Amino acid sequence: ILGKQATIGGAVVTQRFHQLTRHKAKDNAAIYCSEVLDQLVKDQVADPAVYHLLFSTFTWLDHAPYSKLIPVSFVIKLIQLLGYQITDQPVISWLQQAAFSDIQKLRLVQTDWQSTYQAVHLWLYEYLGDDVHSERFLV
């Protein structure tokens with residue numbers, strides 16, 4: 001996982017998270033998380049909380065069945081860690097605090113999923129412009 005190129009590779013990542021590269025949806029989600037991280041976090045700035053969030057997200061993606069809520073929740077949690085807030089929608093507020101094990105169990109109606117995803121997408125677009133290229137590959 002390297003900065004500014006949204007790269008996922010290397011011996012540590014491929015050995016530690018070997019399921020990520022075997023499943024396209026999980027791989028795309030990990031790339032998306034890395035790309036958002038690259039765009040939002042400054043180069044060469046160590047932050048244990050951000051590292052822990054990325055590690056736990058990759059671990060969850062690697063070991064649990066895929067859920068599109070996991071990468072979106074990563075972004076919501078990252079934005080909160082960096083001191084920003086997307087919106088005060090109840091679903092987003094819950095996702096900020098919930099563990100991935102609880103998020104995995106969540107079943108949203110389509111309108112709640114769309115409003116959550118749109119809020120994240122619009123925040124990223126407003127803050128980063130059209131720079132999150134891997135977003136179009138999320139399923």
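Among contacts in the protein chain between residues at least 6 apart in sequence, 74% join residues at least 24 apart. The model in which these contacts were computed is a predicted one. The chain has seven helices and zero strands, and its elements accordingly read α-α-α-α-α-α-α from the N terminus on. Of its 139 residues, 42% count as buried.

Helix α2, residues 24–40, was examined in more detail. This helix has 17 residues and reaches 24 Å from its first C-alpha to its last, close to the 24 Å expected at 1.5 Å a residue. Helix α2 is mostly covered, with 12 of its 17 residues buried. The buried set consists of Lys26, Asn28, Ala29, Ala30, Tyr32, Cys33, Ser34, Glu35, Val36, Leu37, Asp38 and Leu40. These buried residues pack against α3, α4 (69–81) and α7. Two of these packing partners, α3 and α7, are described below.

Two packed helices are described by the angle between their axes and the distance between the axes. For α2 and helix α3 (residues 48–63), the axes come within 10 Å and cross at roughly 170 degrees. Because an angle over 145 degrees counts as roughly antiparallel, α2 is roughly antiparallel to α3. On the α2 side, the residues that meet α3 are Lys26, Ala29, Ala30, Cys33, Ser34 and Leu37. Their counterparts in α3 are Val50, Leu54, Thr57, Phe58, Leu61, Asp62 and His63. By residue class, this contact divides into eight nonpolar, three polar and two charged residues. Each of the six α2 residues named here, Lys26, Ala29, Ala30, Cys33, Ser34 and Leu37, also belongs to the buried set of the helix.

The packing of α2 with helix α7 (residues 110–128) has an angle of about 40 degrees, with the axes 11 Å apart. The two helices are therefore oblique to each other, and their crossing is left-handed. The contact is made by Tyr32, Val36, Gln39 and Leu40 of α2, together with Val120, Trp123, Leu124, Tyr127 and Leu128 of α7. Its residues divide into eight nonpolar, one polar and no charged.

Gln39, which lies in α2, takes part in the contact with α7. With a relative accessibility of 34%, Gln39 counts as partly exposed, whereas Tyr32, Val36 and Leu40 of α2 are buried. Gln39 is also 8.0 Å from Asp131, C-alpha to C-alpha, although the two are 92 residues apart in sequence.

The segment after α7 contains Glu135. This residue has a relative accessible area of 11% and, since buried means under 20%, Glu135 is buried. Leaving aside its neighbours within four places in sequence, Glu135 is in contact with Tyr32, Tyr117 and His121. Tyr32 is one of the α2 residues in the contact with α7, and is itself buried.

Conventions:
Residues numbered from 1 in each chain as written. Predicted model: local features only at pLDDT ≥ 70, side-chain atom pairs only at ≥ 80, totals over all residues. Heavy atoms only, no water. Axes fitted to C-alpha atoms, helices over the stretch in contact; angles between N-to-C directions. Helix = DSSP H or I, 4+ residues; strand = E, 2+ residues; numbered from the N terminus. Parallel < 35°, antiparallel > 145°, perpendicular 65-115°, else oblique. Left-handed = near helix turned anticlockwise from the far one by under 90°. Contact = heavy atoms within 4.5 Å. Nonpolar A, V, L, I, M, F, W, Y, C, P; charged D, E, K, R; others polar. Buried < 20%, exposed > 50% of the residue type's maximum accessible area, 1.4 Å probe, protein only. Expected span 1.5 Å × (residues − 1).
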